[in-house]
Amino acid sequence: PRAPPKSLGGQEWYSQQAHRAVNQALGRVIRHRHDYGAVLLLDYRFAEPGNTNGLSKWLKPHLKNESCGSVSRGLVQFFRESKIKADNAK
């Protein structure tokens, strides 16, 4: 006989629901291979390992903890390069 499934405690359930909502929102940024976008997770809690563990596996290699100025410069460069790539793919 199989053991009954373990039920989640209150905190675990809320954490799971929060991660599910964040992952769904992240997935809405990119819909096909020529899409590009950026998502900024500005809550300090995303720097904590327990909170990054619940994020999608494809996202984890792209997580960065940077200053505002660095992020701003990086976004400008990302969108410039992404627009060029998208224009060339048409």
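In this predicted model, D43 has a relative accessible area of 27% and is therefore partly exposed, a class lying between buried (under 20% relative accessible area) and exposed (over 50%), as found with a 1.4 Å probe on protein chains only. D43 forms a salt bridge with R45, their closest N and O atoms being 2.5 Å apart, where a salt bridge is a side-chain nitrogen of Lys or Arg within 4 Å of a carboxyl oxygen of Asp or Glu. R45 counts as partly exposed because its relative accessibility is 42%.

By this rule there are two salt bridges, and K83 and D87 also form one, at 2.8 Å from N to O. Both K83 and D87 lie in helix α3, four residues apart, about one turn of the helix; helices are DSSP runs (H or I) of at least four residues, numbered from the N terminus. K83 is partly exposed, with a relative accessible area of 45%, and D87 is likewise partly exposed at 38%.

H19 is placed in helix α1 (residues 10–27) and counts as buried because its relative accessibility is 10%. Leaving aside neighbours within four places in sequence, H19 is in contact (heavy atoms within 4.5 Å) with G50, N51, G54 and L55. W13 is also found in helix α1, and it counts as partly exposed because its relative accessibility is 42%.

Residues are numbered from 1 along each chain as its sequence is written. Local features need pLDDT of at least 70 and side-chain atom pairs count only at pLDDT 80 or more, whereas totals for chains, interfaces and linings use all residues, and side-chain values use heavy atoms, with hydrogens and water left out.

Conventions. Helices (H or I, at least four residues) and strands (E, at least two) are DSSP runs, numbered from the N terminus.
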